[in-house]
Amino acid sequence: MADSQQPNAQKLDAPSETLREQPLDYEAAWDQYGQQWREWYPHQAHAGDEWTGEGAGAARSLAEYEALIEREFVAPYIAPTDTVLEIGVGGGRTARILKRYCQHLVCADISSQMLQATRDRLGEVGVTYVKLDGKTLAGITPGSIDVCFCYDTMVHLEPRDIFNYLTQIPALMRGKRLCLFHHANTLSELGWQKFLSEWQYNLMGRRQGTAFSVMTPAIMERFLSHLGYTVQRQELTLVPRDCVWICQAPVSTDA
Ligand SMILES: C[S@@+](CC[C@H](N)C(=O)[O-])C[C@H]1O[C@@H](n2cnc3c(N)ncnc32)[C@H](O)[C@@H]1O
């Protein structure tokens, strides 16, 4: 493992010119999910309604989970004049709730299949759709977002990918610059059970795009404080497998 004190550390840490590292293909994995969900859940109206919160220890049914998300994470934070960005919209389960509370909703996702599922559900009025490339948040107008919401998406993102998005979010924000981030907590009891159920399928740096990431609140706290976010609330009990943060993005120096 490279030690940053050693002279060759930079070379060892930089991408290799001779080895072709394979990207972690979130896009292909979620496009495949978007194509296959109907086969897996033939009696369900919308993709993503299978995420009922039971695995997260948060609810016993979809209705209960949606009520919790609305009551705890949407209603207290979103005003009718807000423009809200959701990163990773899935089939529009949370986006549908957000849309009821805000003036304009920007739905962003790496998978065109999942974006289409949300478009089929929410339509075009008051909603914009942005296909992401996974590295940047290009396509979202800088300084146009009051609230950035990322629920049930960072649970699948590698920590460095989470950090990368966190570096870019401040430039998109305006007004109250409020953010909600939800990620895995591998060291919680349920997070640990999830880790044990998946580790053997994700070895040698290869990783299934829909797998859970190995992530903790302590890592997220370091990310947020390093980047200048102000934490308003850290929630570890309502969704016991995971961790949810409400925070304010720093004023962007790019603005
Ligand atoms: C479990 S779904 C989230 C569902 C939705 N937020 C909800 O609450 O119902 C995860 C979504 O994140 C998207 N996604 C995965 N990796 C991503 C990335 N790197 N950037 C943006 N979206 C990503 C997937 O395509 C998928 O639609």
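## Salt bridges

A network of salt bridges joins R71, E72, R233 and E235. The model is a predicted one, and its salt bridges number 15.

D49 pairs with R121, with 3.2 Å between the closest N and O atoms.

## Pairs within and between helices

R96 and E66 form a salt bridge whose closest N and O atoms are 3.4 Å apart. Here too distant parts of the chain are linked, with R96 in helix α4 and E66 in helix α3, 30 residues apart. R96 is partly exposed at 31% relative accessibility, whereas E66 is buried at 12%.

K194 forms a salt bridge with E198, and the closest N and O atoms lie 3.5 Å apart. Both residues are in helix α7, 4 residues apart, so about one helical turn separates them. K194 has a relative accessible area of 26%, which makes K194 partly exposed; E198 is buried at 15% relative accessibility.

## Nonpolar cores

The largest nonpolar core has 41 residues, and the members that touch the most others are L166, I169, F181 and M220. Leaving out residues up to four places away in sequence, L166 is in contact with M154, F181, M220, F223, L224, L227 and Y229. Another core, of 30 residues, lies apart from this one; its members include A59, I97, V147 and L178.

## The second largest pocket

The second largest pocket holds about 710 Å³ of space. Its lining consists of 38 residues, and those nearest the centre are W30, W51, D152, V155 and H156. By residue class, the lining has 16 nonpolar, 12 polar and 10 charged members.

Several secondary-structure elements contribute to this lining. At least two residues each come from α2 (26-40), β1 (83-87), α4 (93-101), α6 (159-168) and α7 (189-198). The largest share, 3 residues, is supplied by α2.

Methods. Residues are numbered from 1 along each chain as its sequence is written. This is a predicted model: local features need pLDDT of at least 70, side-chain atom pairs count only at pLDDT 80 or more; totals for chains, interfaces and linings use all residues. Side-chain values use heavy atoms; hydrogens and water are left out. A nonpolar core is a set of buried Ala, Val, Leu, Ile, Met, Phe, Trp, Tyr and Cys residues joined through side-chain atoms within 4.5 Å. Buried means under 20% relative accessible area, exposed over 50%, partly exposed in between (1.4 Å probe, protein chains only). Contact means heavy atoms within 4.5 Å. On a 1 Å grid over the protein atoms alone, a cavity is a set of points where a 1.4 Å probe fits but cannot get out, and a pocket is an open set with protein on both sides within 12 Å along at least five of seven lines; lining residues have an atom within 4 Å of a point. Grid points are joined across faces, edges and corners, and a volume is the space filled by probe spheres set on the points. Ala, Val, Leu, Ile, Met, Phe, Trp, Tyr, Cys and Pro count as nonpolar, Asp, Glu, Lys and Arg as charged, and the others, Gly among them, as polar. A salt bridge is a side-chain nitrogen of Lys or Arg within 4 Å of a carboxyl oxygen of Asp or Glu.
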